[in-house]
Amino acid sequence: MKKIEFTNRALEQIKKIINNDQTKKFFRISVKGGGCSGFKYNFSFDDKTNNEDIIFGKAVIDKISLDIISGSIIDFKKEMIGESFVINNPKASASCGCG
């Protein structure tokens with residue numbers, strides 16, 4: 001089975017956002033083509049799941065995106081320039097700061 005892992009920081013941030021906004025029920029992760037490394041990770045919140053989604057607690061990811069990031073760790077980082085979710089993907093051969 002393909003899987004992804006979440007750090008405690010990421011899980012806490014997802015829970016915080018969902019608890020503060022009742023219209024947001026799921027943390028959606030998707031991978032799109034077109035970043036400078038070939039893919040761009042997209043994080044959003046959704047109120048529903050789709051038939052092709054795989055559910056990880058309060059996180060959902062479509063099957064195609066899961067194929068790309070299987071084995072990755074999802075983290076939430078707070079830095080001087082801002083806060084963001086990040087994917088540490090051991091299969092990525094390059095990284096991109098634009099995305």
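View A. Asp-75 counts as buried, because its relative accessibility is 4%, where buried means under 20% relative accessible area, exposed means over 50%, and partly exposed covers what lies in between (1.4 Å probe, protein chains only). The structure is a predicted model, in which local features need pLDDT of at least 70 and side-chain atom pairs count only at pLDDT 80 or more, while totals for chains, interfaces and linings use all residues. Residues are numbered from 1 along each chain as its sequence is written, and side-chain values use heavy atoms, with hydrogens and water left out. Asp-75 is found in strand S6; helices (H or I, at least four residues) and strands (E, at least two) are DSSP runs, numbered from the N terminus. The side chain of Asp-75 makes polar contacts with the side chains of Thr-7, at 2.6 Å, and of Arg-9, at 2.7 Å. A polar contact here is a pair of N or O atoms within 3.5 Å, of which, within protein, one must be able to donate a hydrogen and the other to accept it, and residues adjacent in sequence count only if both atoms are side-chain atoms. When neighbours within four places in sequence are left aside, the residues in contact with Asp-75 are Thr-7, Arg-9, Ala-10, Ser-84, Phe-85, Val-86 and Asn-88, contact meaning heavy atoms within 4.5 Å.

View B. Strands S1, S6 and S7 form an open sheet of 3 strands in the order S1-S6-S7, with mixed pairing. S1 and S7 stand at the edges with a single partner strand each, so one side of each is left without a neighbour in the sheet. Two strands are taken to pair if DSSP finds at least two bridges between them. On one side, S1 (residues 5-6) and S6 (residues 73-79) pair in the parallel sense over 2 bridges, and Phe-6 has Ile-74 as its bridge partner in S6. On the other, S6 and S7 (residues 82-88) pair in the antiparallel sense over 7 bridges; here Lys-77 has Ser-84 as its bridge partner, and Glu-79 stands opposite Gly-82. The link from S6 to S7 is a hairpin of 2 residues. Helix H1 (residues 8-20) lies across S1, S6 and S7 and runs at about 80° to S6, where axes are lines fitted to C-alpha atoms, for helices over the stretch in contact, and angles run from 0 to 180 degrees between N-to-C directions.

**View C. The sheet around S2.** A further open sheet, of 4 strands and with mixed pairing, has the order S3-S2-S5-S4. Its edge strands are S3 and S4 (53-56), each of which pairs on one side only, and from one strand to the next the twist averages 25°. S2 pairs with S3 in the antiparallel sense over 8 bridges, with Phe-27 opposite Phe-45 in S3. S2 and S5 (residues 59-62) run parallel and are joined by 3 bridges, and in this pairing Arg-28 stands opposite Val-60. Strand S2 (residues 26-33) is largely enclosed by the rest of the structure, because 6 of its 8 residues are buried.

**View D. Aromatic rings of S3 and S7.** Over the whole structure, 5 aromatic pairs are found. Phe-43 and Phe-85 form a tilted pair, with 5.8 Å from centre to centre and 40° between the planes. Since Phe-43 lies in S3 (residues 39-46) and Phe-85 in S7, the pair ties together parts that are 42 residues apart in sequence. Rings of Phe, Tyr and Trp (its six-membered ring) pair if their centres lie within 6.5 Å, and planes under 30 degrees apart count as stacked, over 60 as edge-to-face and the rest as tilted. At 25% relative accessibility Phe-43 counts as partly exposed, whereas Phe-85, at 12%, counts as buried. Both belong to one aromatic cluster, formed by Phe-27, Phe-43, Phe-45, Phe-76 and Phe-85.

**View E. The whole chain.** The secondary structure comes to 2 helices and 7 strands, which follow the pattern β-α-β-β-β-β-α-β-β along the sequence. Of the 99 residues, 31% count as buried. Among contacts between residues at least 6 apart in sequence, 50% join residues at least 24 apart. The accessible surface comes to about 6500 Å², of which 51% belongs to carbon and sulfur atoms; accessible areas come from the Shrake-Rupley method with a 1.4 Å probe, and for residues only the protein chains shown count as cover.
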